Amino acid sequence: MSSDLRSERPSGRRPTPLPPPSRGATELLAQARAGLVAAAVATTPQERYVAAHLAALRTAAAVLSARARPGAAKGPRSAWTLLANVAPELTEWAAFFAAGAGRRAAAEAGLSAAVTARDADDLLRQAEAFLVLVADLLGVSHTPPLPEMVAALRAG
């Protein structure tokens, strides 16, 4: 995977709407949003990358909560594989974030060379775009854009 995440950005194709969100899906999206805020105020690129990737994972979990059926998956599978199966219109997003899982693991392990500040910033922007897309699909109201939230936190 190249360090320029912008060139690997998923397409802007609009997926089909999902059924109304469950309480669990709504809570997962709230946790994902909190993770994005944590990523935005993280002091190192590694912390920012990890928090943004985990926020995207919680966003995927919200879709799985809304669409997945018990017993549909046989054996262990990654959330990204499951996402592509239950929401084929999100396959490019699933592949994009799955490709970053190894880097997240390296960053979690403390390898400072695992990600650059640009990598972390790019992933944060993509994770936010993914969350906004999924929130739209689930019919969950939006919160202020991330830069506005971070500015309010820093000022308050």
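**Figure 1. Overview of the predicted model and its confidence.** The protein averages a pLDDT of 83, and 73% of the residues score at least 70; pLDDT is the predictor's confidence in each residue, from 0 to 100. Over residues 1-8 the pLDDT is below 50, yet this stretch has 20 contacts in the model beyond near neighbours in sequence (contact: heavy atoms within 4.5 Å). Residues are numbered from 1 along each chain as its sequence is written, and side-chain values use heavy atoms, with hydrogens and water left out.

Figure 2. The protein has 7 helices and 0 strands, in the order α-α-α-α-α-α-α from the N terminus on. Helices (H or I, at least four residues) and strands (E, at least two) are DSSP runs, numbered from the N terminus. Of the 156 residues, 40% are buried (buried: under 20% relative accessible area; exposed: over 50%; partly exposed: in between; 1.4 Å probe, protein chains only). The accessible surface comes to about 7800 Å², and carbon and sulfur atoms account for 59% of it; areas come from the Shrake-Rupley method with a 1.4 Å probe, and for residues only the protein chains shown count as cover. Among contacts with a separation of 6 or more, 76% are between residues 24 or more positions apart.

**Figure 3. Packing of helix α1 against helix α2.** The axes of α1 and α2 (residues 45-67) come within 8 Å and cross at roughly 170°. Axes are lines fitted to C-alpha atoms, for helices over the stretch in contact, and angles run from 0 to 180 degrees between N-to-C directions. The two helices, α1 and α2, are therefore roughly antiparallel (angles over 145 degrees; under 35 is roughly parallel, 65 to 115 roughly perpendicular and the rest oblique). On the α1 side the contact includes Gly-24, Ala-25, Leu-28, Leu-29 and Ala-32. Residues of α2 that take part include Arg-48, Ala-51, Ala-52, Ala-55 and Arg-58.

**Figure 4. Packing of helix α3 against helix α4.** Here the axes of α3 (residues 79-86) and α4 come within 8 Å and cross at roughly 175°. That crossing makes α3 roughly antiparallel to α4. Trp-80, Leu-83 and Ala-84 of α3 meet Thr-91, Ala-94, Phe-97 and Ala-98 of α4.

Figure 5. Ala-56 lies in helix α2 and counts as buried, at 0% relative accessibility. Leaving aside neighbours within four places in sequence, Ala-56 is in contact with Trp-80, Phe-97, Ala-127 and Phe-130. Leu-124 is 68 residues from Ala-56 in sequence, with 8.9 Å between their C-alpha atoms. The C-alpha atoms of Trp-93 and Ala-56 are 9.5 Å apart, for a sequence separation of 37 residues. Trp-93 belongs to helix α4 and is buried, at 8% relative accessibility.

**Figure 6. Salt bridge between Arg-33 and Glu-128.** The structure holds 8 salt bridges (a side-chain nitrogen of Lys or Arg within 4 Å of a carboxyl oxygen of Asp or Glu). In one of them the side chains of Arg-33 and Glu-128 meet at 3.3 Å, N to O. Arg-33 lies in helix α1 (residues 23-41) and Glu-128 in helix α6 (residues 117-138), so the pair ties together parts that are 95 residues apart in sequence. Arg-33 is buried at 8% relative accessibility, and Glu-128 is buried at 15%.

Figure 7. Asp-119 and Arg-103 meet through their side chains at 2.5 Å, N to O. This pair links distant parts of the chain, with Asp-119 in helix α6 and Arg-103 in helix α5 (residues 101-108), 16 residues apart. Both partners are buried: Asp-119 at 1% relative accessibility and Arg-103 at 15%. Glu-108 forms a salt bridge with Arg-104, the closest N and O atoms being 3.5 Å apart. Glu-108 and Arg-104 are 4 residues apart in helix α5, so about one helical turn separates them. Glu-108 is partly exposed at 45% relative accessibility, whereas Arg-104 is buried at 17%. A network of salt bridges links Arg-118, Asp-122 and Arg-125.

Definitions and conventions
Predicted model: local features only at pLDDT ≥ 70, side-chain atom pairs only at ≥ 80, totals over all residues.
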